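Please look over the model below before reading on.

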Amino acid sequence: MKVVVSFIRTILLYVVIIVAVRIMGKREISEMQTSELVVMLLVSDIASIPMQDTGQPLVSGLIPIAVLVMCEISISGLMLKSSKFRRMICGRPVIVINDGKVQESEMRRLRMSTEDLSEQLRQKNVFSIQDVAYAIVETNGKMSVIKKPEKEQPTAGMLGVALPDAGIEAVVVSDGVISDFSLGLCGKSREWLNGVLSAKFLKLNEIFLMTADSKGGYFIVRKGGKL
Amino acid sequence: MKRIWTALAIFVILVSVSAAGTSTTRKICNETSAAVTAAKAAQENGDAEKALKLSKTAVKGWHMSHRVLCMYMPHSKLESIEETISGLPMLCKYGAEDQFMADCDRSLEQLSYLMESEEPNMQNIF
């Protein structure tokens with residue numbers, strides 16, 4: 001019967017964690033502040049205790065999780081209101097390459113070695129430090145790089161080339177189910193969709209994936225992998 | 001602003017649940033301690049019948065409270081008290097006065113510890 005208790009508790013705690021993460025807001029792990037990542041790890045660790053030990057009451061996991069969620073959303077709300085508070089919690093971005101010059105003191109402050117710097121630059125597709133005008137280590141630890149103008153890749157605007165604007169593309173049909181939200185994003189309607197399908201002699205339940213853009217372009221993948 | 005209100009709502013719920021838990025624990029511990037103390041006093045006065053009745057009351061009351069306490073207290077703590085208190089009626093019934101008194105003291109000590117461990121004081125926090 002302990003197995004059944006564990007099973008039910010795991011489901012309950014899973015729902016609680018999903019709700020907690022939802023309340024705390026959407027962010028990728030790579031974009032989280034350090035404190036947010038620590039809180040997420042704590043929540044998962046705390047949730048595992050009553051999951052594994054049925055002798056511990058469920059509340060012994062729920063209350064700490066609720067407290068962490070409450071602290072996290074309070075702090076994130078206060079950080080939005082006060083830049084001073086934000087600076088206190090998250091710190092400020094550090095410029096490690098300023099106007100092409102490597103800032104040794106800033107790197108030492110971050111305990112960043114030259115190997116770390118080179119690695120982060122390579123991850124940004126920069127293979128020579130000489131190409132960099134500014135390199136900034138953000139508060140979440142990621143590096144932002146601004147190349148010297150002569151090392152930047154030319155854009156269509158710089159070359160005077162007019163590229164067609166396809167607008168936004170979204171998945172409007174997924175496994176036979178229409179997404180009205182995506183249709184709205186592309187500025188299309190169900191009537192347009194039905195018209196396209198009729199012209200192609202296709203039924204909705206034959207579609208695995210259909211994307212559309214705001215210019216009226218579309219791409220269909222039928223079930224079975226046929227285009 | 002919505003986030004602050006959400007945090008505030010969670011805070012209110014947490015404080016309410018914590019306060020309810022602490023006050024319930026205190027109430028149950030006091031009631032059970034009173035019953036056990038009364039049973040011990042009756043035994044000391046030589047009234048074994050009354051001591052038996054009071055110890056049975058204490059056991060019954062604890063069994064009912066156990067269901068509530070289980071929801072927010074480690075079960076191992078409650079089980080040890082359960083073991084001590086459950087033996088009191090039989091000890092009283094079969095005249096094991098010394099053991100009965102010792103187990104009364106033991107259960108009172110366990111209840112006192114349970115109540116103290118749930119108090120939000122400096123010793124428990126640190």
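The notes cover conventions, then the rings, then the helices.

1. This is a predicted model: local features need pLDDT of at least 70, side-chain atom pairs count only at pLDDT 80 or more, and totals for chains, interfaces and linings use all residues. Residues are numbered from 1 along each chain as its sequence is written, chains are lettered from A and ligands numbered from 1 in the order written, and side-chain values use heavy atoms, without hydrogens and water.

2. One aromatic pair is counted over all chains (Phe, Tyr or six-membered Trp rings with centres within 6.5 Å). W192(A) and Y218(A) are edge-to-face, because their planes stand at 75° with the centres 6.2 Å apart (over 60 degrees is edge-to-face, under 30 stacked, the rest tilted).

3. W192(A) belongs to helix 9 (residues 190-199) of chain A and Y218(A) to strand 8 (residues 218-222) of chain A, so the pair ties together parts 26 residues apart in sequence. Helices (H or I, at least four residues) and strands (E, at least two) are DSSP runs, numbered from the N terminus.

4. W192(A) is partly exposed at 21% relative accessible area. Y218(A) is partly exposed too, at 38% (buried is under 20%, exposed over 50%, partly exposed in between; 1.4 Å probe, protein chains only).

5. Helix 3 (residues 59-81) of chain A packs on helix 4 (residues 83-90) of chain A at about 130°, axes 6 Å apart (lines fitted to C-alpha atoms over the stretch in contact; angles run from 0 to 180 degrees between N-to-C directions). Contact residues (heavy atoms within 4.5 Å) include I75(A) of helix 3 and F85(A) of helix 4.
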